[in-house]
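Here is a short report for a first look at a protein model. Keep the sequence and the 3D view open while reading.

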Amino acid sequence: MAIEVHYHVRSISLPSRLHPSLPKIEKELKRLKTWDASSQSQASTDTTSSLQTVAIKASLAGLVELYNCVHELIGSPQTQQALRRHEGKHVEKPLDMSIGLLDICGSTRELLLLMKEHVLDLQSTLRRKGLDSSINSQICAYICFRKKARKDISKKLKALKTMEKNNSKSYPPLDVDHHLLMVINVLSELSTITISFFRKLLLFMCAPVFKKNTSGWSLFSKMVSTESDKETRIINEMGDVHVILCSFHKRFRKNEAKFDVQIVKRRLGELEVNIRELEVGLDYLFRCLIQQRVSLLNLLTP
């Protein structure tokens, strides 16, 4: 199931003679775009491998590194002097964008935390009682959580789409020098790549409950199954666990043969590890977003 992701990327040339951080920024941007293209390719193959999970986590680490590089650029005397000469008017749009990105990052962290709590509850019940009626109630709670989470994710995706449109409407100013123009383009590119990352992460968290669409934004609430309903197309570990738990829930209600508890335990363990690693990465990214906002606000202070 291919997820087509489209976003405008400005072509920027970053000569190293301007500032030492610029070559690093260009390198990280290229790397992130490569991971973005790679994740789209993996999604189009409908594979159950963990490659997409690895790409998401690698993108997150690369994005944190990119923010650190941009922080060095913003903090340089050359950049600060150039922006202050224009009384900070060119940081207004990045500041507005930072509010939305901070909100998306914070709410996504909270969503992952709730998901982890449900996973830990399932693991605890499995260790104590195995697959009996008590675990069935925990599975029902997890499925209900997923349904609510999908609605929340759908709202976040719409917000990201609006942010993407607003960011793409910017035009290069005519009254700035070459260095400041570079900085403005870098900040816009940074917003674009951050929006793209959160869109991928949210769709990743939503699997397997989205379908191919020309815009890549539409979601639907039914799982995508084959006609026989014996095989479900899975995109990542989160979708894998969802399918396994739904399968057990269905069998339990029909009093069918017991499900292999080891499969459930293993999948939940893998999911817990991935959630924890994403949590750590998002914590770093959240701090980077705050740091950038503070740096930009300081430029407005006389």
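About 14,800 Å² of the protein is accessible surface, and carbon and sulfur atoms hold 53% of it. Bear in mind that this is a predicted model.

**Overall build**

The protein has 8 helices and 0 strands. From the N terminus the order reads α-α-α-α-α-α-α-α. Of its 302 residues, 51% are buried. Among contacts with a separation of 6 or more, 83% join residues 24 or more positions apart.

**Salt bridges**

Side chains of opposite charge can pair when their charged atoms come close. The count here is 10 salt bridges.

Glutamate 189 sits in helix 6 and lysine 33 in helix 1, so the bridge ties together parts 156 residues apart in sequence. Glutamate 189 is buried, at 2% relative accessible area. Lysine 33 is partly exposed, at 28%.

Lysine 116 is buried, with a relative accessible area of 13%. Glutamate 279 has 15% relative accessibility, so it counts as buried.

Glutamate 270 and arginine 267 stay within helix 8, 3 residues apart, or about one turn of the helix. Glutamate 270 is partly exposed at 32% relative accessibility. Arginine 267 is partly exposed at 24%.

**A charged patch**

Which residues gather in a patch of positive charge on the surface? They are Lys147, Lys148, Lys151, Lys155 and Lys158. Lysine 147 lies in helix 5 (residues 133-168). Its relative accessibility is 47%, so lysine 147 counts as partly exposed.

**Two more residues**

Is lysine 200 buried or exposed? Lysine 200 is buried, with a relative accessible area of 12%. Its place is helix 6 (residues 178-206). Lysine 200 and leucine 157 are 43 residues apart along the chain, with 9.7 Å between their C-alpha atoms.

Tryptophan 35 belongs to helix 1 (residues 21-44). It is partly exposed, at 24% relative accessible area. Beyond residues up to four places away in sequence, tryptophan 35 touches Ala58, Ser59 and Gly62. Valine 54 is 19 residues from tryptophan 35 in sequence and 9.8 Å away in space, C-alpha to C-alpha.

Key. Residues numbered from 1 in each chain as written. Predicted model: local features only at pLDDT ≥ 70, side-chain atom pairs only at ≥ 80, totals over all residues. Heavy atoms only, no water. Helix = DSSP H or I, 4+ residues; strand = E, 2+ residues; numbered from the N terminus. Buried < 20%, exposed > 50% of the residue type's maximum accessible area, 1.4 Å probe, protein only. Contact = heavy atoms within 4.5 Å. Areas by Shrake-Rupley, 256 points an atom, 1.4 Å probe, with all protein chains shown as cover. Patch = residues over 30% accessible without salt bridge, like charges linked within 9 Å, V, L, I, M, F, W, Y side chains within 5 Å. Salt bridge = Lys/Arg side-chain N within 4 Å of Asp/Glu carboxyl O. Lys, Arg positive; Asp, Glu negative; His and termini not counted. Charge placed at Lys NZ, Arg CZ, Asp CG, Glu CD.
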